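Subject: Structure handover

Hello,

Here is the structure I promised to pass on. Please open it next to this note.

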Amino acid sequence: MKLHIPSLSRRTALAFALLAGATAMQVLPTDKAMAADATQPSAVFELFTSQGCSSCPPADKLLGEYVKDGDVLALSFHVDYWNYLGWGDTFSKAEFTERQKLYAASLGRNGIYTPQVIINGRDHAVGSRKGEIEATRASQERGKSSALTTKLTVTRGGDSIEVSSEAGTEDATLWVVYFDREKQVKIGRGENRGRTITYHNVVGDMAMAGMMKSGALNVQLPLASMKQKGYDGCAFILQKVTANGTPGAIIGAAVMNDLNG
């Protein structure tokens, strides 16, 4: 199932650029900081999917396999443009559709579709085609540098979480992504009517947390506020911004495994 979407609006691109240009909160490490239970994925896969898309269940299942394997940060972003078919995706948000449209602008595409996987913010592939996804990932890793070049360190200091990195030369935005690890949905209408589908790493919220500006990143986030959001998973993504203010290459990522621990 595919859908042609008009080119990115100036308003949307400007909004992303303003977020990316915000000033990060720089802090000093706390005396009682300790390493958090965080893992460093080798790649980031963003699946744009929908409960109302008949072509999506195989991609949702494949994403679950990547989640189980644990080597990559695999995330499900549910879009809202198939809701008119008779079933409103219970996880869909307009913001996720906008993110997919921003990627289309970054990659020079005229439209968006489901299921689509964005690989490290640099390329796309059909979300159900594992061979295509792996070939695209391998091509990136054969380039001049590996896909994720910046290591993110996550530490817990009292009532806060600190995310830091070694000094680098690239400007990038730090995003915090909240997700639920597994959700089952019985679909009552639309193209997938009667099916019960399991979704993995379902993104519910995503927000800018700070900036790396030609130097080390050091950002502190209140742990209590993070827990209050009610999600059982949390990840951090360090992503470049294109000259047009749209999302670019992802250069670093970390997954926090004990957000509610």
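Confidence first. This is a predicted model. Mean pLDDT for the protein chain is 86, and 84% of its residues reach 70 or more. Two stretches need care. Over residues 2-12, pLDDT stays under 50, and the model has 21 contacts there beyond four places in sequence. Over residues 17-33 it also stays under 50, with 32 such contacts. Where pLDDT is low, predicted coordinates should not be read in detail.

Now the core. The largest nonpolar core has 26 residues. V44, L73, L75, F77, V203 and I237 touch the most other members. Elements giving two or more residues to this core are β4, β5, α3, β11, β12, β14 and β15. There is also a second, separate core of 23 residues, and A172, L221, L238 and L259 are among them.

F77 is worth a look. Beyond four places in sequence, F77 is in contact with E46, L47, F48, T49, F96, R99, V203 and M206. F77 also belongs to one aromatic cluster with F48, F96 and Y103.

Next, α3. This helix has 13 residues and spans 19 Å from first C-alpha to last, close to the expected 18 Å. Its buried residues include F96, R99, L102 and Y103. G108 follows α3, with a positive phi near 70 degrees.

Then the aromatic pairs. The whole structure holds eight. One of them joins F45 and Y66 edge-to-face, at 5.0 Å centre to centre and 90 degrees between the planes. F45 sits in β4 and Y66 in helix α2 (residues 57-69), 21 residues apart, so the pair links distant parts of the chain. F45 is buried at 2% relative accessibility, and Y66 is buried at 8%. K130 lies over the face of Y66, 5.9 Å from the ring centre.

W82 and Y84 form a tilted pair, 6.4 Å centre to centre with 35 degrees between the planes. Are these two residues buried or exposed? W82 is buried at 3% relative accessible area. Y84 is exposed at 61%.

Last, S164. This residue lies in strand β10 (residues 160-165). S164 counts as buried because its relative accessible area is 15%, under the 20% cut-off. Leaving out residues up to four places away in sequence, S164 touches K151, L152, T153, L217 and N218.

Best wishes

Definitions and conventions
Residues numbered from 1 in each chain as written. Predicted model: local features only at pLDDT ≥ 70, side-chain atom pairs only at ≥ 80, totals over all residues. Heavy atoms only, no water. Core = buried A, V, L, I, M, F, W, Y, C linked by side-chain atoms within 4.5 Å. Buried < 20%, exposed > 50% of the residue type's maximum accessible area, 1.4 Å probe, protein only. Helix = DSSP H or I, 4+ residues; strand = E, 2+ residues; numbered from the N terminus. Contact = heavy atoms within 4.5 Å. Expected span 1.5 Å × (residues − 1). pLDDT = per-residue confidence, 0-100. Phe/Tyr/Trp six-rings, centres within 6.5 Å; stacked < 30°, edge-to-face > 60°. Lys NZ or Arg CZ within 6 Å of the ring centre and 35° of its normal.
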